[in-house]
Amino acid sequence: MEGVSVRKIKKICVFCGANSGKDVAFVNAAFHLGEVLGKRKIDLVYGGGKLGLMGCVSTAVAQHERQVLGIIPSAFTVNNLVRETCGKEIKVATMQERLVMMMELSDAFIALPGGFGTLEELFQMISWAQLSIHNKPIGVLNINGFFNGLLSFVDHAVKQEFITPRARKILISATTADELVDKLQAFRFEPDPALSKLKWSPSSSQKEKLDLTLRL
C-alpha cells in the first residue's frame, strides 16, 4: 500500500450468519478472517454467542489472543439460545441499541455471508454513513460470489438513480480477508455536501448513547 495513507483500525465489527451455510467455504473463510484479524492485532466486535459463522470468526480471533466483544440482546441469552460468547459480553435491551453500540465501539465493519439480520446490519451502517452519522469503512467479504447478486442490485440502483455514485463508494467488496482489510484501511470517506450538514446530536442521557434523531 505504498503511497497510500492507512487508516488506523483497532476494532472491526463483523456481521454474519448464526448459521454455517451450505458451503464449507463460508466456515473456512470465517475462521480465516478471524486469523487475519488476530495476526493484524485487530480486536473483534460482533453480535455475541457461538453459533454458525459468528462462532467461527470469534473463536479464531480469541485463539490469536485478541479481544472479543459480543453485544447481545438480553432476549437471546435466555436458555443459552446462542451459546456462550468467546470473550466479554455486553447485554442490551433492543436490537437498535445493539447496533448503535456496535457503531460506536468499532473502527470498521465487515459482512460475511448471512441472512436478513446480517443484511439489515450491513445496510443500516451504509445508510448511517450516507447520512454522515459515521465515517467508518464498510465492506463485504464476497466468498464464492455470495454477494454477487447484492452488489449487482446496488449497481442497478445506481443506474436507476436511487443511489448516487458517491454513496456507492461506501460499500467496499473483496474476495479475500487480507484484501478487504487493506481496502478498509485505505478507505477515504467522501461525505455528501448536503447530507453532511445534518445535525446529529448525542443524547443527554447519563449513558451518553447516540440519539439518532434528526434536528432540522
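Predicted model: local features only at pLDDT ≥ 70, side-chain atom pairs only at ≥ 80, totals over all residues.
View 1. Helices here are DSSP runs of H or I with at least four residues, strands are E runs of at least two, and both are numbered from the N terminus. A cavity, on a 1 Å grid over the protein atoms alone, is a set of points where a 1.4 Å probe fits but cannot get out, and lining residues have an atom within 4 Å of a point. The structure holds 1 cavity of 30 Å³ or more, and the largest cavity has about 60 Å³ of space. Among the residues that line the largest cavity are Ala-129, Gln-130, Thr-164, Arg-166 and Phe-189. By class, the lining has 5 nonpolar, 2 polar and 3 charged residues; Ala, Val, Leu, Ile, Met, Phe, Trp, Tyr, Cys and Pro count as nonpolar, Asp, Glu, Lys and Arg as charged, and the others, Gly among them, as polar.

**View 2. The largest pocket.** A pocket is an open set of points with protein on both sides within 12 Å along at least five of seven lines. The largest pocket has a volume of about 250 Å³, where volume is the space filled by probe spheres set on grid points joined across faces, edges and corners. Of its 22 lining residues, Cys-16, Ala-18, Met-54, Phe-76 and Arg-98 are the closest to the centre. β1 (11-15), α3 (95-105) and α4 each supply at least two residues of this lining, and α4 gives the most, with 4 residues. The classes here are 12 nonpolar, 7 polar and 3 charged.

**View 3. The second largest pocket.** This pocket holds about 210 Å³ of space. It is lined by 14 residues, and those closest to its centre are Phe-123, Ile-126, Gln-130, Val-154 and Ile-163. α4, α5 (148-159) and α6 each supply at least two lining residues, with the largest share, 4 residues, coming from α4. This lining divides into 10 nonpolar, 3 polar and 1 charged.

**View 4. The protein around these spaces.** Stepping back, you will find 7 helices and 9 strands. Of the 216 residues, 44% count as buried, that is, under 20% relative accessible area with a 1.4 Å probe and protein chains only.

Residues are numbered from 1 along each chain as its sequence is written. Local features need pLDDT of at least 70 and side-chain atom pairs count only at pLDDT 80 or more, while totals for chains, interfaces and linings use all residues; side-chain values use heavy atoms, leaving out hydrogens and water.

How values were computed
Buried < 20%, exposed > 50% of the residue type's maximum accessible area, 1.4 Å probe, protein only.
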